[in-house]
Amino acid sequence: MVKVRCKLVSWDEVVEWCRQLSLKIKESGWSPDTIVAIARGGYVPARLLCDFLDIHELLSVQVLHWGKAAEITAKAHVKYPLKVNLSGKKVLLVDDIADTGDSIIVAKEHLESECKPSEIKVATMQWISPVCKIKPDYYVDEVKEWIWYQYPWTRLEDTTQFITKMLDEEGKKKKEWTLEEIVEKFKEWYGIDVGKSYYELALEILVGEGKLKKRTRDREVVYEL
Ligand code: AMP
């Protein structure tokens with residue numbers, strides 16, 4: 001039984017979703033002057049939208065909300081504000097996904113009060129409609145059942161946190177793990193396979209942080225909790 005439902009997203013899918021998003025924006029007849037990315041998730045989609053829409057002004061505002069993979073760690077708030085005058089500008093506010101919608105709400109209110117643009121529209125690749133407090137003006141996928149999108153730009157971070165969560169639980173019964181056993185259990189817990197190099201890098205991080213010990217048992221490398 002999968003513990004956290006995940007979708008493994010490829011770089012190609014991201015490019016395709018952003019291309020589709022740009023078409024929807026063009027077809028609507030609205031054209032932004034400036035793009036504001038919500039950091040960090042909105043960075044890559046915002047940059048791709050600049051390319052597809054030929055926009056040369058890209059700014060960003062950092063909002064903290066989901067500090068860990070699939071875990072809300074703080075009430076959404078602006079960490080690094082944007083203090084520029086955008087009066088008279090049409091702004092496209094971009095994030096990867098609208099989940100609770102809180103990050104977008106906070107970022108939008110911040111832009112309205114601090115930057116005073118003439119108009120703000122919101123674009124995301126995914127919109128989790130049953131739980132989201134807002135509806136983006138432009139989106140590609142309406143997601144009807146909550147799922148964690150494992151985007152390529154958070155692959156190592158997510159893998160490290162997912163392994164930690166998994167071993168905290170599974171480690172109550174079993175203290176020593178081979179790489180193969182970790183990979184198998186990871187697929188069972190999350191339903192995705194992020195690839196060998198990511199498991200290895202994540203395990204190196206956990207060993208470096210002292211959360212796991214790496215040693216050799218009968219000529220085989222094992223990770224010990
Ligand atoms: P939210 O404020 O809940 O709309 O989400 C804030 C940010 O957290 C998003 O822009 C993503 O970067 C990340 N995030 C939230 N939910 C998900 C999800 N289901 N899958 C992947 N990333 C997510």
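Author: Strand E5 provides the largest share of the shell around the ligand, four residues; helices (H or I, at least four residues) and strands (E, at least two) are DSSP runs, numbered from the N terminus. The model is a predicted one, in which local features need pLDDT of at least 70 and side-chain atom pairs count only at pLDDT 80 or more, while totals for chains, interfaces and linings use all residues. Residues are numbered from 1 along each chain as its sequence is written, and side-chain values use heavy atoms, with hydrogens and water left out.

In total, 18 residues surround the ligand, a residue being near if one of its heavy atoms lies within 4 Å. The closest are His-65, Trp-66, Asp-99, Thr-100 and Ser-103. By class, the shell holds nine nonpolar, five polar and four charged residues; Ala, Val, Leu, Ile, Met, Phe, Trp, Tyr, Cys and Pro count as nonpolar, Asp, Glu, Lys and Arg as charged, and the others, Gly among them, as polar.

Gly-101 takes part through its backbone, with an N or O atom 2.9 Å from an oxygen atom of the ligand. The protein covers 92% of the 490 Å² of accessible area that the ligand has on its own, by the Shrake-Rupley method with a 1.4 Å probe. Two or more shell residues come from each of strand E5 (90–98), helix H3 (102–114) and strand E8 (148–150).

The ligand sits in the largest pocket, that is, more than half of its atoms lie within 2 Å of the pocket's grid points. A pocket is an open set of points on a 1 Å grid over the protein atoms alone, where a 1.4 Å probe fits, with protein on both sides within 12 Å along at least five of seven lines; lining residues have an atom within 4 Å of a point. This pocket contains about 660 Å³ of space, a volume being the space filled by probe spheres set on the points. Among its 32 lining residues, Arg-40, Gly-41, Trp-66, Asp-96 and Trp-148 are the closest to its centre. Arg-40 belongs to the loop between E2 and helix H2 (43–53), and a cis peptide bond, with omega about 0°, joins Ala-39 to Arg-40.

Conventions:
A polar contact is a pair of N or O atoms within 3.5 Å; within protein, one must be able to donate a hydrogen and the other to accept it, and residues adjacent in sequence count only if both atoms are side-chain atoms.
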